[in-house]
Amino acid sequence: MSESEIPTEVVTHARVRVFKLPLQAGRMALITLDNDLDHTRPTTFGMQGLIELNEAIDQVQAMDDIVAVGLTGKPFIFAVGADLSAMAMITTRDEALAVGRAGHDAFRRLGELAVPSFAFVNGAAMGGGLEIALHCTYRTVSTGAAALSLPEVFLGIIPGWGGAYLLPNLVGPIDALEVILTNALTMNKQMKPADAKRLGIADALFEPADFLEQSMLWAAKVLTGEVKVKRQEPNHGMWDMIIGGAKAQLDARFHGALASPYRALDLVAGAKSRTRDEGFAAEDEALADLIMSDAVRASLYSFNLVQKRAKRPAGAPDKALARPVTKVGIVGAGLMASQLALLFARRLEVPVVMTDLDQARVDKGVGYVHKEIATLVEKGRMSSDKANRLTALVSGVTDKSAFADADFVIEAVFEDLGVKQAVFAELEAVVSDTCILATNTSSLSVTAMASGLKHPERVVGFHFFNPVAVMPLLEIARAKQSDDATVATAFAVGKALKKSCVLVQDAPAFVVNRLLTRFLGEITKAVDEGTDFTVADEAMQPLAFPMSPFNLLALVGPAVAFHVSETMHAAFPDRFYVSENMRKLVESGKPGIWKKTGTGGQVIDPEVEALFVRGSSPLTAAQVRERALDALADEARLMLDEGVVIAPEDIDLCMILGAGWPFANGGITPYLDRCGASERVNGKRFLAPGIASLPA
Amino acid sequence: MGRSVREVVFVDGVRTPFTKAGGAFASARADDLVVKSFREILRRNPALPPAAIDDVAVAATTQIGDQGLTLGRSAGILAGLPSSVPGYSVDRMCAGAMTAVTTLSAGIMAGALDVALAGGVEHMTRHPMGEGIDPNPRFVAEKLVDTDALVMGKTAENIHDRYPKITKERADRYAMGSQRKTAAAYAAGHLQPDIVPIAVPSVDGWSLVSVDEGPRPETTLEGLSGLKTPFRPHGRVTAGNSSGLNDGATAALLASEEKADELGLTKKMRMVGYAFAGVAPEIMGVGPVPSTEKALQRAGLSISDIDLFEINEAFAVQVLAFTDHFGIDDEDPRVNPLGGAIAVGHPLASSGIRLMSYLAKDFEMNPSARYGLTTMCIGLGMGGTVIWENVNYAGAK
C-alpha cells in the first residue's frame, strides 16, 4: 500500500485544564477530548489519539495538588469509539492485538489513579467512548446525550477496551448483556440517558443546559462525602445461569453462525472470576481474533455501505435536475397504496390524492390513513395540530382528474402489465406532460409499461419493501426511456421519504426480489426432489439470515411469491424454478409450510406435507446450501453483466437494507467470495481481497 | 374598580463571575451566561414553580448575535422555562438590568405581574461597546452632543474638569479602597454564595470559572499613580481608577410581596421607589445625582435616611462627584462596603442587578440599616436610582 492510501487519522486531542471545584472540595484536572471539528465529526480514538491521551494522563498523574480527575468531550459529543477506518487497514494479528492493548493501556489508567476519576458524559458515547467512561470511578450523563451504546457486536467485534469486563462487574451480567448483546443485535439500539441510569451505568443525570456545572458540583459533593454513590454488588450466584440462558437465546437465533455475539458472551461469562489483567487480556485476544476474520472486514464494509453509499447513491443523475413535487397522486386504495399515502403525506407534507374504482374502496383507503394518523396521536407520537394537517392532506376520489395538478403519481394496482399500461394511459390523458408516473411494481417491465405513452420519458420504477414505513430500501428503476429529470426527481422524492435509494436498471424483479426468488426456488426445488423440509429450510443457518427461507415465504405470502416466481420463470426459464408443489400450496390457501405450535415453536404443517409430491433424491444441508449459494453467485454475476446495478456494492446494499441480510456476510457478494461460490461458478471473485475481506 | 399599588420584593439575585474581555469567558456565549444564571435562580428557589413566572426581561447593550434574538424570550426557552412564560429584551446601556428590574417592578406594582425574572448580560469580548452602531450624523452636524459623549473615558475626564477638587490622587485612593474592600469581602466569603460557576469550552478544553478576574488586591497608590491616561495626555482617568471591559451576566427574582409570602419565597429587600434622569451626555457620570434626588423626593425621603449606598463604579471620579454632592466622605463605610466595579468589573447591562445583590447582602449584615439605594451612571448622559428597604430592619440603632 502506498502512503497516500493510508487514511490520515483525525486525531482526538486530550487537553488538561486544572481548576477549583465548588464547595472547596479541592482542585480537579479535567481532560477534554476534542478533535477540533464540530459535532458532525464525532471524536474517535486512533493510535495517535491514544498517545495523546496517555500524555494527558501522564500530566495529571504528576500533579500532587488535585483531588480528582475529570474526563469530558467537546460540545454535544463525549466520544464515539475506535477509528473504524484504521481497523480495516490492519494486516496482521500482532497489529490487531496491539490495537486492543493500546486502548486498554491508556483507558485503564483512569481507573487506577491515586485520586477518583469522573467521566462527565456530555453527549454521544459509543463503543470505546462508553468504555473509557466505564474505566472512571464515577459517571454523570447528560439527559441530552443522543446516543449511548456498546455497538461492537453489531459491527462483528466485541467491546474490547474494557467494556466486556467492566460493565458486567459494574451492573451485573443481565444488564450488561442487555447493552452488549440485546441492544447491539436489535438494529444497534441506543440507550437513552434514563436507561443508562436505570442500568447503573450513570451514577447521576443532569440536564444539558448546565450539565458540566452540575456534574462538577456533584463531583464536589461526592468528594466531600455529601453524596454517597450506591452500587449494587453483582449477583455472582446467578451469573452462570444467566450466561446459559443468553447462550440458548443466541443459539435459537444464530445457530452458532456469528462469532462476535458468542465471543462477547464468553467474555461476560469470564468477567465473573477474572482479574482485571486477565479480563483485559481476554478482550485483547478475542478482539484480535475477530479483527483478523473475514466476517469483521465484511461488517466494516457493510457499515460503510449503509453509512456512505446509501447516502450518496451511485449513478444517480445531478440533483439539480429534480423537479419540485407539490402534490402526489396514488392510483389504488388498497393496503399498499394506503401505506404509501401515509408515508408520502408524513414525509413530503403535500396533498396526497388516492383513487380507486369505486367510492367504497377509496373511503376504506383514506379511512385507513386517517386512522393510522389518529393512532399516532393516541400514542403521543404526533401532535394534534400535525395530525390535523396530515389528515387534511390525504383525500380520495374515484375520478382521476383530481391528478391534473399532481407532480408525481404512483400506481399500486394489481401486478399485471395490461392493467398497469391501461392505468398509465388513463393518467396521461389527465396529468401535465412532465408529471412523473411511477410504478411500485416488483417484477414487471417498467419499459413495457411506458411503451404506449406519448411521454414515456417520465416513467420510473419506485419499488418499496413491505412494510413500507419500516423497510429502509427503495429501488429506483430506470426504464429504457426514463430521462434524467425523471430519475433525479425520483431520487429527490426517495430521499425526502427518508429511504435509502439504489439505482437499478429496468430488469425483471430488480435486485432484491430477483435474488430472493432465485434462492427460494433452489430451496423449494430441493424439497420437491425429496429433501426433508426441515433440512432444506435450515440449510442456510450458517449465513445467519434474519429468517429461514420458508418463514420468508410465509411473510411474503405464498401467492405473491409464487406469482413472482412465474414472472421470473417467464423471463429466465432456465434459472427460475416454478414448483408445482408451491402451486398446490397457494391453491390450498395455507399461509405457509410451517405451522405455529401452542408453545411458541413451529412444526411442518402435516397437511402441507401431504399436499407435496416429492421425489426420491434428498440432499444434505450442505448440498442444499451449495446449490443455493451457487445460484446466488450465478445470478449476482449475471445482474452485474447485464448492468442492473453498476457494482457489487449496490447488490450488497440492497440485500442488507431490503432483505436484512447480515453485515457479517457483507450483504452477499463478500460471503460468496469467502465460501468459494464466486470462483466455482464464475471463475472470479466479486470484490478484490481486502475490500470486504482480509487483505491477501 | 378599586386599585392599589402593591409592594415589590427582591427575592434573590445571582451573577456569573465577571471576567476580563478576552479572558475566561472569551469562548462562552452571552446567552448561555444568562441561561445558567436563570437556572441557578430556579434551583435556589425551589418553592417557585417556573410556570408562576409572569414575565422575563433581559438587558444587553449590544443586542446582536448571541445577545440578540429577544434575549428575554430565547434565554427563557433555553433555560427550560415553560413556553407559557413570555419574555422581552431591554436596553438602557449600563442600566439595562436596573431597567429590567424597575420595569418589571412597575408591572408588579400595577398588578400586571406577580413574579418576574430579570437579567442582564454584556459579553464585551464578543460585543465591544459601540459594535455595529450607526450614529445619526445630526449629532455632530447640529452639535447635539459633544464629540466626547460616546467615549466614556473622555466623559470621565470631563467630570474632573468640572469638579477640580476631585483630583487624580483622590480618584486613585478611592480605587484602591474598592480593591481592598473587594478583597476583604472575598476573604470573608460574602461574595461567593451569589456567584454561579460557569463551565466554558475553549481550544484548551473545558474549564470551570468560579471567580472574578478583575480584582487586584495588591493594588498600591504608587502603582496607580504610574498608570497611563489613555483618554488624554496627562489626564486623570486610568485603567486603575475605572472599571474594566468585562464579560458577565446577572439574574434576579422579583415578586409582589403578597405572592412571595404565599409561595414561601425568601424576601431580601422591598422596593421603595426609583427614578431615572438625564444629564449632558459628555458628563454622563454625574447622572446618579439628579436621579437620586428625584427618587428621594418621590419617595418622601432625604439623603440622610439612606444607610447604605451601592453605586456603580464606572469611574472613581463619578462616584466622588456623587458623594461630594451629597456631602459624603470619600471613605464613608456606607458606600460600597463590599467593594465595587473598579475591582470586580462592569459588564455594562448586567451591573444593575449586581448592585442589588450587593445591597441585599449589605442589608443582611446590617439589620439596623433601613433604607439603601442602588445607583449608576448611564451612557448618553443618564442616571438611575432605586431605593430599597431592608426587610431585616430591626429598628433604629
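1. The first point concerns a helix pair: helix α9 (residues 239-254) of chain A packs with helix α10 (residues 259-271) of chain A at an angle of about 175 degrees, their axes lying 11 Å apart. Axes here are lines fitted to C-alpha atoms, for helices over the stretch in contact, and angles run from 0 to 180 degrees between N-to-C directions; helices (H or I, at least four residues) and strands (E, at least two) are DSSP runs, numbered from the N terminus. The two helices α9(A) and α10(A) are therefore roughly antiparallel to each other, on a scale where angles under 35 degrees count as roughly parallel, over 145 as roughly antiparallel, 65 to 115 as roughly perpendicular and the rest as oblique. To the contact, α9(A) brings Ile243(A), Ala246(A), Lys247(A), Leu250(A) and Phe254(A), while α10(A) brings Pro261(A), Tyr262(A), Leu265(A), Val268(A) and Ala269(A); two residues are in contact if their C-beta atoms, placed from the backbone, lie within 7 Å. By class, these residues of α9(A) and α10(A) are nine nonpolar, no polar and one charged, where Ala, Val, Leu, Ile, Met, Phe, Trp, Tyr, Cys and Pro count as nonpolar, Asp, Glu, Lys and Arg as charged, and the others, Gly among them, as polar. In the loop between α9 and α10 of chain A sits His255(A), which has a positive phi of about 50 degrees although it is not a glycine.

2. On the basis of the model: this is a predicted model, in which local features need pLDDT of at least 70, side-chain atom pairs count only at pLDDT 80 or more, and totals for chains, interfaces and linings use all residues. Residues are numbered from 1 along each chain as its sequence is written, with chains lettered from A and ligands numbered from 1 in the order in which they are written. The predictor assigns the complex an ipTM of 0.94 and a pTM of 0.93. For chain B the mean pLDDT (the predictor's confidence in each residue, from 0 to 100) is 96, and 99% of its residues reach 70 or more.

3. Chain A is divided into domain 1 (3-292), domain 2 (319-505) and domain 3 (512-643), the bounds coming from an automatic or database domain assignment. Taken over C-alpha atoms, the centres of domain 2 and domain 3 of chain A are separated by 31 Å. Their contact takes six residues from domain 2 of chain A and seven residues from domain 3 of chain A, and the side of domain 2 that touches domain 3 has one nonpolar, three polar and two charged residues.

4. One open sheet of chain A has six strands in the order β1-β2-β3-β5-β7-β9, with mixed pairing; two strands pair if DSSP finds at least two bridges between them. Strands β1 (13-20) and β9 (204-206) of chain A stand at the edges with a single partner strand each, so one side of each is left without a neighbour in the sheet. From one strand to the next the twist averages 20 degrees. Helix α1 (residues 47-61) of chain A packs on this sheet, touching β1, β2 (27-34) and β3 (68-73) of chain A, and its direction makes about 25 degrees with that of β1(A).

5. Within that sheet, β1(A) and β2(A) pair in the antiparallel sense over eight bridges, with Lys20(A) opposite Arg27(A) in β2(A). Their hairpin has six residues between the strands, and Leu23(A) takes a positive phi near 60 degrees there. By contrast in direction, strand β5 (residues 117-121) and strand β7 (residues 138-142) of chain A run parallel and are joined by four bridges, and Phe118(A) has Tyr138(A) as its bridge partner in β7(A).

6. A further open sheet of chain A, of eight strands, has the order β12-β11-β10-β13-β14-β15-β16-β17 and mixed pairing. Its edge strands, β12 (394-397) and β17 (500-505) of chain A, each pair on one side only. Strand β16 (residues 473-478) of chain A runs parallel to β17(A) and is joined to it by six bridges, with Ile476(A) opposite Leu503(A) in β17(A). The loop between β15 and β16 of chain A holds Pro467(A), and the peptide bond from Asn466(A) to Pro467(A) is cis, with omega near -5 degrees.

7. The contact between the chains takes 16 residues from chain B and 18 residues from chain A. On the side of chain B that touches chain A, α1 (30-44), β6 (198-200) and β7 (207-209) of chain B each supply at least two residues, and α1(B) gives the most, with three residues.
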